[in-house]
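Me: I'd like to go through this one with you, a question at a time. Ready when you are.

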Amino acid sequence: TLSIESVSKADNYLLKLYRPTDYVISPRIISFSIGSINANYDGTEKKPEILATNVISGDEIGFNTTYYGDNINVGYFTVRIEMLTGPDQHNYIFDAQLSRKTFLINKIEMPKDSNVFIDRTVYYNNDYHVFEVSRKFEGAVDTYSPTTTFKEIGVYEITATLKKANYIDVSLTAKLTILPGKHNINESDIILSSSETLFYGDSMPVLLDYLGRGTVKFEGSQSLRVGDNSYAWEFFPIDDVHYQTEKGNISLSVKKGKTEITANAPIGKNEGSIDPNVLSGIRMVETSGSIIIVFISSNGKTYTNLHELKPGNYTMKVSYIGNESYEGSEFETPFTLEGEPSYLWLIILGSAIGVLIIVSGVIISLKHKTKAKIQEDFGN
């Protein structure tokens, strides 16, 4: 309001007064410029830059802002200018509707190789196999389709989905292969069906799996060898759908084969001379050291050749000293010689370890403990 307090030289003038006039100074309108943000999630607060325009130079103006919504995590939030502050704020106004802005924070991808789901091969073990990712991003939640547990033999394809707030979901696919398993048979699992001592020349013993999971057989064509030796075996599982055949070795202790000498000495009268070839045959046996035949008279005198004997009573002693595969053995039998013998045949039966001597009806046979009895009749 304008008022006149005094007028100089008032006498010379007529002062005419009118109704008072009021003047108003309007507030200055401020505009705000709200800047942009990095729209991708990074775990920090998103605060755009805000600038006020149309402020007179020298005036001190401030403002308060409010954030509506979450300005850290993925989603929408709004920033708004709420009020002015500062010593000159009463000279300014702003349009609240034009002083706000809404932003969207976007999801980001999980770090490369932070999630790993690879194919795997396992073996059937009558239990469930759990198949999951081998590595996942910290804090991520993993789910699977169709499931994570498998038992039966086969190939399974599984999809893993990994989720975490503020991150794009990750989908990974891998295969689980379940092959026939093994019982893991070892030597301690294999037992012999009999506790009898093993001898060279015996048949291969029967093997058993003491837990009864299958059949055990010696692999290929094997035979017992004297001493402590290793023998290959093969295991055939009863459940051959879920389990594989297996191979291994077992150590067996085998003793030398037993030998047995028997004689039948019905001596009769024979006329004639001794064949010198037969005598050399007897000497050959003696020299070899394998079989020794001696004749002991009733007065204790020992003879090595039958042609040295006179009619009388004798003991025939046959000794087999053995070899790397068979034990030695002895046999004695008494006989009576009536007249001179006329022939002597010596036959050595190779692999049967047999010796057959016919001396005027004296039959001597050497045989292995197994029942390989020699019964051929060579005649007179």
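Me: What share of the residues of the protein chain counts as buried?
Reply: This is a predicted model, where local features need pLDDT of at least 70, side-chain atom pairs count only at pLDDT 80 or more, and totals for chains, interfaces and linings use all residues. Residues are numbered from 1 along each chain as its sequence is written, and side-chain values use heavy atoms, with hydrogens and water left out. Buried means under 20% relative accessible area (1.4 Å probe, protein chains only). Of the 380 residues, the buried share is 33%.

Me: How many strands are there in the protein chain?
Reply: Helices (H or I, at least four residues) and strands (E, at least two) are DSSP runs, numbered from the N terminus. The chain has 1 helix, and its strands number 26.

Me: In what order do the 3 strands of the open sheet come?
Reply: Strands pair if DSSP finds at least two bridges between them. Strand 1 (residues 28–34) runs antiparallel to strand 2, with 4 bridges joining them. The pairing in this sheet is mixed, and the order is 2-1-5. Its edge strands, each pairing on one side only, are strand 2 (50–53) and strand 5 (92–94).

Me: Which residue in strand 2 is the bridge partner of Ile-34?
Reply: Strand 1 covers residues 28–34, so we're looking from there across to strand 2. The partner of Ile-34 is Ile-50.

Me: Where is Val-206 placed?
Reply: Strand 14 covers 198–199 and strand 15 covers 207–209. Val-206 sits in the loop between strand 14 and strand 15.

Note on methods
Buried means under 20% relative accessible area, exposed over 50%, partly exposed in between (1.4 Å probe, protein chains only).
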